[in-house]
2 protein chains.
Amino acid sequence: MTTRRTGLREQKKQATREALRAAALRLALERGPENVRVDDIAEAAGVSPRTYNNYFSSREQAIVAAVTGEREARVAEAVADRSADDGLAEAVIEAIVDQYTATGGPGRDALLLITTRPALRDTFVDAAAAVENPLADAIAERLGDTDPNTARVLAASVAAAVRVALEQWLGTTTEASTAGGLVVPSGSLPDLLRAALAPLTPALDAAERRAREGNARIRTAPPGR
Amino acid sequence: MTTRRTGLREQKKQATREALRAAALRLALERGPENVRVDDIAEAAGVSPRTYNNYFSSREQAIVAAVTGEREARVAEAVADRSADDGLAEAVIEAIVDQYTATGGPGRDALLLITTRPALRDTFVDAAAAVENPLADAIAERLGDTDPNTARVLAASVAAAVRVALEQWLGTTTEASTAGGLVVPSGSLPDLLRAALAPLTPALDAAERRAREGNARIRTAPPGR
DNA sequence: GAAGAAAAGTGCGTGCACGCAAGTTTGCGT
DNA sequence: ACGCAAACTTGCGTGCACGCACTTTTCTTC
């Protein structure tokens with residue numbers, strides 16, 4: 001009942017997905033992303049080109065996925081784990097910071113490659129949006145079943161904040177970098193993430209408080225009046 | 001100093017952009033979006049196909065843009081106008097609701113068309129992201145120059161909330177519609193928008209309060225300690 | 001364990017996005 | 001007024017995303 005739908009099917013699927021990721025990253029590092037055609041990736045992974053984009057809907061996705069991995073799921077998991085002890089805001093922030101600082105292991109040079117080419121930067125930033133659904137589930141569970149929409153909105157906001165932090169980190173301010181005045185050049189990613197997420201703390205905490213009151217009112221006693 | 005960079009140039013640009021929008025919408029309504037090729041739109045607007053996607057990067061964008069118009073800019077403007085009287089959260093929410101309820105005039109049937117075809121629905125929802133930049137500027141101005149990042153994050157969160165509301169409105173819950181249990185089928189768009197934006201109220205108000213304190217501390221008197 | 005259903009992989013064709021390198025229009029300086 | 005520079009447009013070529021129909025593989029059921 002874990003995650004497998006039928007067993008061998010899912011296994012093979014993940015295998016080819018992983019093969020495509022690996023092949024895409026390897027070829028991109030060898031020749032540079034510009035000189036990698038979809039057919040090459042497919043051939044290197046031993047599948048048809050048509051199969052390739054049954055898995056990825058853009059060439060960049062495959063390369064970026066090799067680095068981002070299953071980060072989204074791990075963020076949600078981390079939130080669920082922390083959920084008992086401290087506040088929702090803190091749990092979410094720390095979970096995200098943890099998962100984004102643990103990026104290093106496999107590909108330092110891969111990250112360099114991604115941050116260099118604009119196309120890859122963009123899809124790397126967009127990949128952050130993938131946390132929304134798992135995170136929404138995690139938050140919803142923590143808030144109880146009261147209003148799942150709040151959880152969705154909060155998760156979406158968190159994802160948006162992460163995107164902003166990544167854009168700043170990569171200097172993709174969309175022409176604003178020279179406009180106003182002094183902007184901190186880069187800063188460390190963890191700091192940027194915390195700074196971007198900080199403004200959402202009131203919303204997260206307020207939602208948690210409302211949820212607690214709502215649950216308490218339901219579970220323990222009817223309202224005073 | 002208004003918006004024109006050089007005068008005649010910009011004028012012509014907006015003209016062809018508008019021509020493309022109109023042509024795209026008209027053809028889509030006549031034949032259905034499936035039977036409209038990019039070449040047709042370009043021809044109808046009297047420009048080269050290549051020029052067409054100097055303006056729009058996907059066929060759907062042109063059609064959707066004919067309906068969404070310049071909504072983003074108007075939202076930002078509305079926020080700026082309201083900014084004096086009431087709270088930031090209220091100003092933002094009302095500005096958005098206003099602009100999204102004022103959609104009706106030109107194309108009732110166009111909206112029907114958009115909400116029907118999945119591809120158009122998606123780009124319609126994505127179009128909401130365009131409010132982020134103008135809204136960020138508007139919020140930043142209202143918060144004073146303290147930390148423009150907060151403004152960006154808040155604007156991005158608002159955009160995300162709007163997206164969630166639109167997804168719900170269109171029933172694009174990504175397979176979740178049948179999962180949990182009873183979900184409100186549609187509801188009125190204004191209500192959905194307010195509901196989606198409500199969880200962000202604490203964050204908006206907190207940012208405004210912080211900004212006021214910060215500005216007061218700077219403008220009137222040095223801090224007590 | 002064999003037949004049938006479901007799902008993943010494949011080949012093909014079509015329309016499209018976009019880089020590049022012209023050609024053409026607009027605006028500005030003198 | 002004239003010519004130069006920048007902006008916009010255009011044609012062309014290349015890869016690519018994706019729908020569709022079909023084959024192959026895996027799962028289920030009797």
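In this predicted model, a polar backbone atom of V38(B) lies 3.0 Å from a phosphate oxygen of DNA strand C. One of its polar side-chain atoms is 2.7 Å from a phosphate oxygen of DNA strand C. An N or O atom in the side chain of R50(A) sits 3.3 Å from a base oxygen of DNA strand C.

In total, 23 residues lie around DNA strand C. Those that come nearest are T51(A), L8(B), R9(B), K12(B) and R50(B). By class, this surface comprises 5 nonpolar, 9 polar and 9 charged residues. Helices α1 and α3 of chain A, together with α1 and α3 of chain B, each give at least two residues to it. The largest share, 4 residues, is that of α3(A). Sugar or phosphate accounts for 69% of the atoms of DNA strand C within 4 Å of the protein. The rest of these atoms belong to bases.

DNA strand D was examined next. It is surrounded by 22 residues. The closest are L8(A), K12(A), R50(A), T51(B) and Y55(B). The surface near DNA strand D holds 5 nonpolar, 9 polar and 8 charged residues. Of the atoms of DNA strand D within 4 Å of the protein, 66% are from sugar or phosphate, and the rest are from bases.

For V38(A), the distance is 2.9 Å. For R9(A), a backbone N or O atom is 3.0 Å from a phosphate oxygen. For R59(A), the separation is 3.1 Å. The elements that supply two or more residues to the surface near DNA strand D are α1 (8–31) and α3 (49–55) of chain A, along with α1 (8–31) and α3 (49–55) of chain B. Here the largest share, 4 residues, comes from α3(B).

The relation between the two protein chains was then considered.

Chain A contains 12 helices and 0 strands. Of its 225 residues, 44% count as buried. Among contacts in chain A between residues at least 6 apart in sequence, 66% join residues at least 24 apart.

R142(A) and A84(A) are 58 residues apart in sequence, yet their C-alpha atoms are 8.7 Å apart in space. Neighbours within four places in sequence aside, R142(A) contacts S83(A), A84(A), D86(A), G87(A), L88(A) and E208(A).

The largest nonpolar core has 138 residues. I96(A), I139(A) and I96(B) have the most contacts inside it. With residues up to four places away in sequence left out, I96(B) touches V75(B), V158(B), V162(B), L193(B) and L197(B).

Definitions and conventions: Residues numbered from 1 in each chain as written. Chains lettered and ligands numbered in written order. Predicted model: local features only at pLDDT ≥ 70, side-chain atom pairs only at ≥ 80, totals over all residues. Heavy atoms only, no water. Near = heavy atom within 4 Å. Polar contact = N/O pair within 3.5 Å; in protein donor to acceptor, adjacent residues only side chain to side chain. Nonpolar A, V, L, I, M, F, W, Y, C, P; charged D, E, K, R; others polar. Core = buried A, V, L, I, M, F, W, Y, C linked by side-chain atoms within 4.5 Å. Buried < 20%, exposed > 50% of the residue type's maximum accessible area, 1.4 Å probe, protein only. Contact = heavy atoms within 4.5 Å.
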